[in-house]
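Colleague: Can you walk me through this model? I'd like to go over the helix packing and a few single residues.

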Amino acid sequence: MGDVVALLVFTLIGLANHKDGITAASVLKVMGPLVVVGGIATTIFGTYRRPGVRTLLPAWLVAVPIAIVIRKAMFHTPATWSSTGIFIGVALAFTLLFISAWRLVARYVLRRT
């Protein structure tokens, strides 16, 4: 659940920085493929059965690019393949940042309470 919230924060910040605005439809358009593909990838790699970097990184590395390509195929966004490549790089960096931050908080802050 925390990973999904981290992806939601990533999505909301991204949408706030673009002209499309934040609507339920725009959040679903961005997050839908990420959550579905991420759920499949984390199941395949055992990310929640065996939590850790060894299972998180491959699931993340597979899920984010595939989700963005699916989003492009379904919604034609990003507009060009070149911008899609750039967005994959940005999304990989920031989703890893947000998910890692959440997991650090969960591990070191929430466990102590």
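This is a predicted model: local features need pLDDT of at least 70, side-chain atom pairs count only at pLDDT 80 or more; totals for chains, interfaces and linings use all residues.

Colleague: How many salt bridges does the structure hold?

Modeller: It holds one salt bridge, meaning a side-chain nitrogen of Lys or Arg within 4 Å of a carboxyl oxygen of Asp or Glu. The partners are Arg103 and Asp3, whose closest N and O atoms are 2.8 Å apart.

Colleague: Which helices do Arg103 and Asp3 lie in?

Modeller: Arg103 is in helix α4 and Asp3 in helix α1 (residues 2-16), so the pair ties together parts that are 100 residues apart in sequence. Helices here are DSSP runs of H or I with at least four residues, numbered from the N terminus.

Colleague: Is Asp3 buried or exposed?

Modeller: Asp3 is buried, at a relative accessible area of 8%. Buried means under 20%, exposed over 50%, and partly exposed in between, with a 1.4 Å probe and protein chains only.

Colleague: At what angle do the axes of α1 and α4 cross?

Modeller: Roughly 135 degrees, and the axes come within 9 Å. The axes are lines fitted to C-alpha atoms, for helices over the stretch in contact, and angles run from 0 to 180 degrees between N-to-C directions. α1 and α4 are therefore oblique to each other. Angles under 35 degrees count as roughly parallel, over 145 as roughly antiparallel, 65 to 115 as roughly perpendicular and the rest as oblique.

Colleague: Which residues of α1 make the contact?

Modeller: On the α1 side they are Gly2, Asp3, Ala6, Leu7, Val9, Phe10 and Ile13, where contact means heavy atoms within 4.5 Å. The α4 side includes Phe94, Phe98, Trp102 and Arg103.

Colleague: Now α3 and α4. What is the angle there?

Modeller: Helix α4 (residues 81-108) packs on α3 at about 140 degrees, with the axes 10 Å apart. That makes α3 oblique to α4. Residues in the contact include Leu56, Trp60 and Ile68 of α3, and Trp81, Ile99 and Arg103 of α4.

Colleague: Where does Leu56 lie, and what is it in contact with?

Modeller: Leu56 lies in α3, which spans residues 53-75. Leu56 is buried, with a relative accessible area of 11%. Neighbours within four places in sequence aside, Leu56 contacts Thr47, Ile99 and Arg103.

Colleague: What is phi of His76 near?

Modeller: Phi of His76 is near 60 degrees, which is a positive value in a residue other than glycine. His76 is in the loop between α3 and α4. His76 is exposed, with a relative accessible area of 60%.

Definitions and conventions. Residues are numbered from 1 along each chain as its sequence is written. Side-chain values use heavy atoms; hydrogens and water are left out. Helices (H or I, at least four residues) and strands (E, at least two) are DSSP runs, numbered from the N terminus.
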